[in-house]
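Here's a quick briefing on the model below. Have a look at the fold before reading on.

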Amino acid sequence: MKKLLLLITLIFTTASFAQVEKATDGDILEFSFMPNLQGTTMFATDSGTLNGYEGLFTYRNLDNGTRWRAQFKFDAEDGFEDYMMLAAFYGKEKHYDGSDRLDTYTGWEGGFFYEDFGGDDSEEGFLGGVFAGANYYIANNLYIGLEARYMVSLTDGRTTIGVMSSGVNGMLTVGFKL
């Protein structure tokens, strides 16, 4: 057992001091989620209000700073109407100099969404906002990061500050260079 613990410690120590560099060009694919901080499911991508599934995928091009984001939510509970939301975003991001492993950025994004509250009740509108984030490369072309977004939702019937809630929404991201 002691040899196994020594081997695991040696592997993690070697990996932490390995020469890892952040990606400065090319295409990146990432998945965002909210870790379990308040008793929600481990990979919930919101504050835990949905009991269904939500996915938030981003394609980023570091050469020209563009990003495309697709988001979907689905919630089906017994006794309640099904809920579904689809959204697509386009945005620009600016990357800043940092260390060899840390990549910081800011930017804006905007897009359209469609929500179906079950039955004949649906809504569509525009989402737009700003974001700031940091990615830490744990291996070449593989990172974990944090991103906080402040969004405004505009529809025919309402205006919402935040992404389907109020305030700033932080997300944990896992991404890799294609």
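**Cores, fold and surface at a glance**

The largest nonpolar core is built from seven residues: Y83, M85, A87, F89, F113, L127 and M151. Strand 4 (residues 83-96) gives this core its largest share, four residues. Another core, of six residues, lies apart from it, with V20, A23, I28 and Y137 among them. A nonpolar core here is a set of buried Ala, Val, Leu, Ile, Met, Phe, Trp, Tyr and Cys residues joined through side-chain atoms within 4.5 Å.

This is a predicted model, with local features needing pLDDT of at least 70 and side-chain atom pairs counting only at pLDDT 80 or more, while totals for chains, interfaces and linings use all residues. Residues are numbered from 1 along each chain as its sequence is written, and side-chain values use heavy atoms, leaving out hydrogens and water.

**Overall fold**

- Reading from the N terminus, the order is α-β-β-β-β-β-β-β-β-β.
- Of the 178 residues in the protein chain, 37% are buried (under 20% relative accessible area; exposed is over 50%, partly exposed in between, with a 1.4 Å probe and protein chains only).
- Among contacts with a separation of 6 or more, 53% link residues 24 or more positions apart (contact means heavy atoms within 4.5 Å).

**R69, tucked into strand 3**

- R69 sits in strand 3 (residues 66-75) and counts as buried because its relative accessibility is 3%.
- Its side chain makes a polar contact with the side chain of T58, at 3.2 Å (a pair of N or O atoms within 3.5 Å; within protein, one must be able to donate a hydrogen and the other to accept it, and residues adjacent in sequence count only if both atoms are side-chain atoms).
- Leaving aside residues up to four places away in sequence, R69 touches S32, L56, F57, T58, A87, A88, F89, E109, E147 and R149.

**Surface**

- The protein chain's accessible surface is about 10,500 Å², 63% of it from carbon and sulfur atoms (Shrake-Rupley method, 1.4 Å probe; for residues, only the protein chains shown count as cover).
- I144 lies in strand 7, and I144 counts as partly exposed because its relative accessibility is 37%.

Note on methods: Helix = DSSP H or I, 4+ residues; strand = E, 2+ residues; numbered from the N terminus.
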